[in-house]
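Here is a short report for a reader new to this structure. Please keep the sequence and the model in view while reading.

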Amino acid sequence: PLSPGGFDTYSLAIAAATQRAYWMSTRDGPVALRTGTFGSGNQDVVDIQIPARGGGASCARAGDDATPWVTEAGNLMLFRALPPDSSCQPIDGSATDLYAVALDPTTGMPLTPAAPLTEVNVTADDSTETDPAFSRDLCVLYFASDGGATQGHDFRLYRADRR
């Protein structure tokens, strides 16, 4: 209902309390992270700014799939993105890092730039961290990682306790 046929639509996340959905779509051409509320028919592109590795620049989230996860209240989103350098160019080719961003539950839009989940991102080589999700009590982070070249690029599921 939020993304009519004829487009690629994938990676759905739902904030149950706000009846808001987040998903990836090619509706307007290039793939974009979108949001909309059930029954409204309205949807918007979610523009998330992420910091460049090493600081300085703030860059638009890049990558074909954000694999978003959102809290039931709709106030926090976890996602993956290509980590940018200070020129907003992807580092490590197709490697992805995990990020968190505070959301306005009413509009579904970011309140601040995203923050990298530095404790779990492997930045030494071309690793891919993906599919983040918190436990229901928000105390445990689960995610998948291929560990990069040193781990042979085999995906494994990881658990990290929230500090």
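## Strand pairs and a disulfide

Ala 21 has Gly 36 in β3 as its bridge partner. Strands here are DSSP runs (E, at least two residues), numbered from the N terminus. Two strands count as paired if DSSP finds at least two bridges between them.

This is a predicted model, in which local features need pLDDT of at least 70, side-chain atom pairs count only at pLDDT 80 or more, and totals for chains, interfaces and linings use all residues. Residues are numbered from 1 along each chain as its sequence is written, and side-chain values use heavy atoms, with hydrogens and water left out.

How confident is the predictor? pLDDT is its confidence in each residue, from 0 to 100. The chain averages a pLDDT of 88, and 92% of the residues score at least 70. Among the elements of the chain, strand β7 (residues 69–70) has the highest mean pLDDT, 98. Strand β4 (residues 44–45) has the lowest, 90.

### The four-stranded sheet

Back to β2 and β3. They sit in an open sheet of four strands, ordered β1-β2-β3-β4, with antiparallel pairing. β1 (9–15) and β4 stand at the edges with a single partner strand each, so one side of each has no neighbour in the sheet.

β1 and β2 pair over five bridges in the antiparallel sense. In that pairing, Tyr 10 stands opposite Met 24 of β2. The two strands form a hairpin with four residues between them. Gln 19, in the turn, has a positive phi of about 55 degrees.

On the β3 side, Trp 23 stands opposite Arg 34. The hairpin of β2 and β3 has six residues between the strands. There, Gly 29 takes a positive phi near 115 degrees.

Are the residues of β2 buried or exposed? Six of its six residues are buried. Buried means under 20% relative accessible area, exposed over 50%, and partly exposed in between (1.4 Å probe, protein chains only). Arg 20, Tyr 22 and Met 24 point one way from the strand. Ala 21, Trp 23 and Ser 25 point the other way.

### The disulfide

A disulfide is a covalent bond between the sulfur atoms of two cysteines. Here the rule is a pair of cysteine sulfur atoms within 2.5 Å. By this rule the count comes to one disulfide. It joins Cys 59 to Cys 88, with 2.1 Å from S to S. The angle about the S-S bond is -80 degrees, and the link is left-handed. Cys 59 lies in strand β6 and Cys 88 in the loop between β8 (76–81) and β9 (97–102), so the link ties together parts that are 29 residues apart in sequence.

The table gives relative accessibility for some residues of interest.

| Residue | Relative accessibility | Class |
|---|---|---|
| Cys 59 | 2% | buried |
| Ala 52 | 5% | buried |
| Thr 128 | 11% | buried |
| Cys 88 | 35% | partly exposed |
| Cys 139 | 39% | partly exposed |

Ala 52 lies in the loop between β5 (49–51) and β6 (58–60). Which residues does Ala 52 contact, leaving aside its neighbours within four places in sequence? They are Ala 57, Cys 59, Pro 84, Asp 85 and Ser 86. Contact means heavy atoms within 4.5 Å. Ala 52 and Pro 84 are 32 residues apart in sequence, yet 4.9 Å apart in space, C-alpha to C-alpha. Cys 59, one of these contacts, is also one end of the disulfide.

Thr 128 is in the loop between β10 (115–116) and β11 (129–134). Leaving aside its neighbours within four places in sequence, Thr 128 is in contact with residues including Arg 80, Ser 94, Ala 144 and Phe 155.

### The three-stranded sheet

Three strands form another open sheet, in the order β11-β12-β13, and the pairing is antiparallel. β11 and β13 (156–161) are the edge strands, each pairing on one side only. Neighbouring strands of this sheet are turned by 25 degrees against each other on average, direction ignored. That angle is taken between axes, which are lines fitted to C-alpha atoms, and angles run from 0 to 180 degrees between N-to-C directions.

Four bridges join β11 to strand β12 (residues 140–145). Within this pairing, Thr 130 has Ala 144 in β12 as its bridge partner. Ala 144 is also among the contacts of Thr 128.

Conventions:
pLDDT is the predictor's confidence in each residue, from 0 to 100.
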